[in-house]
Amino acid sequence: MQLRKYPSTLQFNKERWSIIMAFDSAKRVISGTWGEVWLDGEYVGECYALQAKHAFTKEDVQQCGQMEVDSKILAIKGTGSMEMYKVSSRMANLIGTKINKGEDVRFTVTSKLSDPDAYGAERVVLRNVSFDDLTVADWKVGTKGNITAPFTFTKYEFLDTIEAV
């Protein structure tokens, strides 16, 4: 595969008819240090990690005349987790009382990642967030308190995306 060089950081891949954007410096790699999270519009300063992704439910599809088995996406499931330092009873207050009354509690989670050296900021809103469990107590002598809050979600929307220059 031969790449033909163009001025600047663009390269044209003739075989695939696509343009490949190369970043100009390692400083452009976005750092999680600049991440922020809001839960129903309230800043969650104790959150130090957030992950949200879609898992695809696929079914195999065999086709005549070829040995390879392809697949078809039939459903998508949004899953994720928030990792937080234990500094308050935030999650117990938001979820515990309502769950005990039989209410299915749902939230909106907003993630922002805005490294000053990056090409921009990324903000995404996760909707219909349902936490999978509630940590009632979890501690150990000599260690700082941490909570992992796994969740599912059904919708997301990018408010801002990062475009390489």
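Lys112 touches Trp34, Gly35, Glu36, Trp38, Glu122 and Arg123, leaving aside residues up to four places away in sequence; a contact here means heavy atoms within 4.5 Å. The model is predicted, so local features need pLDDT of at least 70 and side-chain atom pairs count only at pLDDT 80 or more, while totals for chains, interfaces and linings use all residues. Residues are numbered from 1 along each chain as its sequence is written, and side-chain values use heavy atoms, with hydrogens and water left out.

Lys112 lies in strand E8 (residues 107–113). Helices (H or I, at least four residues) and strands (E, at least two) are DSSP runs, numbered from the N terminus. With a relative accessible area of 26%, Lys112 is partly exposed. The classes are buried for under 20% relative accessible area, exposed for over 50%, and partly exposed in between, using a 1.4 Å probe and protein chains only. Between Lys112 and Val124 there are 12 residues in sequence and 6.7 Å in space, C-alpha to C-alpha.

Val124 also takes part in the pairing of strands. It is the bridge partner, in E9, of Ser111, and E8 and E9 pair in the antiparallel sense over 6 bridges. Two strands count as paired if DSSP finds at least two bridges between them. E9 also pairs with strand E11 (residues 155–160), antiparallel, over 5 bridges; there the partner of Arg127 is Lys155 in E11. E9 and E10 pair in the antiparallel sense as well, over 2 bridges, with Thr152 in E10 as the bridge partner of Ser130.

The aromatic side chains come next. A search of the whole structure finds 6 aromatic pairs. Rings of Phe, Tyr and Trp (its six-membered ring) pair if their centres lie within 6.5 Å; planes under 30 degrees apart count as stacked, over 60 as edge-to-face and the rest as tilted. Phe131 and Phe151 form an edge-to-face pair, because their ring centres are 5.8 Å apart and their planes stand at 75 degrees. This pair links distant parts of the chain, with Phe131 in strand E9 (residues 122–131) and Phe151 in strand E10 (residues 146–153), 20 residues apart. Phe151 also pairs with Phe153, and this pair is tilted, at 6.3 Å centre to centre and 55 degrees between the planes. Phe151 is buried, with a relative accessible area of 1%, and Phe153 is buried at 6%. Phe107, Phe131, Phe151 and Phe153 form one aromatic cluster.

Phe131 also belongs to the largest nonpolar core, which has 19 residues; Met82, Met84, Val129 and Phe131 touch the most other members. Such a core is a set of buried Ala, Val, Leu, Ile, Met, Phe, Trp, Tyr and Cys residues joined through side-chain atoms within 4.5 Å. Strand E4 (35–39), strand E7 (69–85), helix H1 (90–100), E8, E9 and E10 each supply at least two residues of this core. Val129 has contacts that include Val105, Phe107, Val109, Phe151 and Phe153, not counting residues up to four places away in sequence. In soluble globular proteins, nonpolar side chains tend to be buried together.

For the chain as a whole, there are 1 helix and 11 strands, in the order β-β-β-β-β-β-β-α-β-β-β-β along the sequence. Of the 165 residues, 19% count as buried. Among contacts between residues at least 6 apart in sequence, 61% join residues at least 24 apart.
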